[in-house]
Amino acid sequence: MTPDIKTLDVALGVTIPTRHARGRAARLGPALDTVLSAHNYPPQIEQILAEALVLTSLLGSLLKDPNGQLTLQAQTKEGIIDLMVCDYKGGELRGYVRHDPARLADARTPSLESLFGHGYLAITFDQPATDERYQGIVPLEGESLAEAAQSYLAQSEQIPSIVRLAAHKGDDGHWLGGGLLFQHLPEGELGRERLHTRMDHPDWDHVAALAGTTSEAELTDPLLSLEDLVWRLFHEEPEVRTLGTVPLTRGCRCDPDYVRSVISRFPEEERAEMAGEDGVIRVNCEFCSTSFPIHFG
Ligand SMILES: [Zn+2]
């Protein structure tokens with residue numbers, strides 16, 4: 001059976017007004033294949049990047065500004081991975097991981113801690129329309145990336161949150177990923193100074209318990225729409241509202257023409273120093289795992 005196209009590469013916004021909860025659900029298919037196929041990473045690295053891209057979709061779809069950008073960065077010193085970067089802008093996703101292949105080969109089933117060592121998770125929300133830029137940085141802690149994200153949201157944003165992430169490569173060689181993010185916003189609005197946050201509010205316990213029952217199979221089932229998934233979890237609530245969907249796709253903003261125009265303003269001698277032996281300047285894009293030749297003269 002061919003899955004309904006709307007069940008893949010999409011994020012859905014949800015609110016549960018009586019519980020003061022908001023949520024996002026996301027599912028990725030072809031977009032994950034496109035990002036991962038550019039890199040040719042080992043399976044363990046593909047796995048963590050796939051989960052990170054699902055998380056990036058969930059957080060990115062919280063942005064109200066259509067030109068807003070969300071960047072997720074995990075950075076470490078002594079881990080197998082020293083840098084993982086994913087970002088989201090207008091439904092476009094991209095990501096890359098810098099890692100040590102020799103050390104990865106020695107680790108059989110690497111834990112989050114062995115992958116990242118003592119690392120940090122930084123998340124930046126950039127909303128040019130309202131000139132809002134916010135970055136939080138917390139230690140990368142937990143058994144999984146979902147747990148690390150939950151502790152980020154609790155520590156940095158002071159918002160009780162539950163995050164579920166799942167991703168796997170099917171027997172057909174295609175990736176499927178899915179996730180849920182629910183948050184408790186008893187004051188309704190974001191952006192005001194929060195004097196006190198109750199992490200144990202009964203409304204929130206209820207939402208977190210229900211969201212926590214989602215299985216990895218449900219999160220990544222291409223035949224189960226996100227609407228049906230949310231309905232399955234919260235059908236006993238008096239009111240559950242959906243806020244519409246955002247289509248997700250792989251996209252990079254590297255622009256050889258722009259780079260060429262910047263480099264063209266450099267003096268000729270400096271350009272000559274940047275060029276290789278063949279006289280061509282090469283500019284790398286880590287997200288695309290490729291370099292662009294820039295010719296002059
Ligand atoms: Zn690129």
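This is a predicted model: local features need pLDDT of at least 70, side-chain atom pairs count only at pLDDT 80 or more; totals for chains, interfaces and linings use all residues.

Modeller: Residues are numbered from 1 along each chain as its sequence is written, and side-chain values use heavy atoms, with hydrogens and water left out.

Colleague: What makes a cysteine a donor to the zinc ion here?

Modeller: Donors are N, O and S atoms within 2.8 Å of the metal (3.2 Å for Na, K and Ca); water is not among the atoms, so sites may look incomplete. The SG atoms of Cys252, Cys254, Cys285 and Cys288 sit at 2.2 to 2.3 Å from the zinc ion, and they coordinate it. Along the chain, the donors are spaced C-x1-C-x30-C-x2-C. Distant parts of the chain get linked this way: Cys252 is in the loop between E11 and helix H9 (256-263), while Cys288, 36 residues apart from it, is in the loop between strand E12 (281-285) and strand E13 (290-294).

Colleague: Why is the arrangement around the zinc ion called tetrahedral?

Modeller: Four donors count as tetrahedral if all angles lie between 85 and 135 degrees. The 4 donor atoms subtend angles of 107 to 114 degrees, so the arrangement is tetrahedral. For reference, the ideal angle for four tetrahedral donors is 109.5 degrees.

Colleague: How do you know what Glu286 touches?

Modeller: Contact means heavy atoms within 4.5 Å. Leaving out residues up to four places away in sequence, Glu286 touches His39, Tyr96 and Arg98. Glu286 and Val97 are 189 residues apart in sequence, with C-alpha atoms 8.7 Å apart in space.

Colleague: How do you know that E4 and E5 pair?

Modeller: Strands (E, at least two residues) and helices (H or I, at least four) are DSSP runs, numbered from the N terminus. Two strands pair if DSSP finds at least two bridges between them. Strand E4 (residues 81-89) and strand E5 (residues 92-99) have 8 bridges, in the antiparallel sense. Across that pairing, Leu83 stands opposite Arg98, and Val85 opposite Tyr96. On to E3 (residues 69-75), which pairs with E4 over 7 bridges, again antiparallel. These belong to an open sheet of 6 strands, ordered E7-E6-E3-E4-E5-E11 with mixed pairing.

Colleague: What makes E7 and E11 edge strands?

Modeller: Each of them pairs on one side only. As for E4, 7 of its 9 residues are buried, so the rest of the structure largely encloses it.

Colleague: How do you know that the buried residues of H8 are on the same side?

Modeller: In helix H8 (residues 226-234), the buried ones are Leu226, Leu229, Val230, Leu233 and Phe234. They cover an arc of only 110 degrees (the arc of the directions from the helix axis to the C-beta atoms), so they are on the same side of H8. Their packing partners include strand E1 (10-16) and helix H6 (202-212).

Methods:
Four donors count as tetrahedral if all angles lie between 85 and 135 degrees; four count as square planar and six as octahedral if opposite donors are over 155 degrees apart and all others between 65 and 115; anything else is irregular. Buried means under 20% relative accessible area, exposed over 50%, partly exposed in between (1.4 Å probe, protein chains only).
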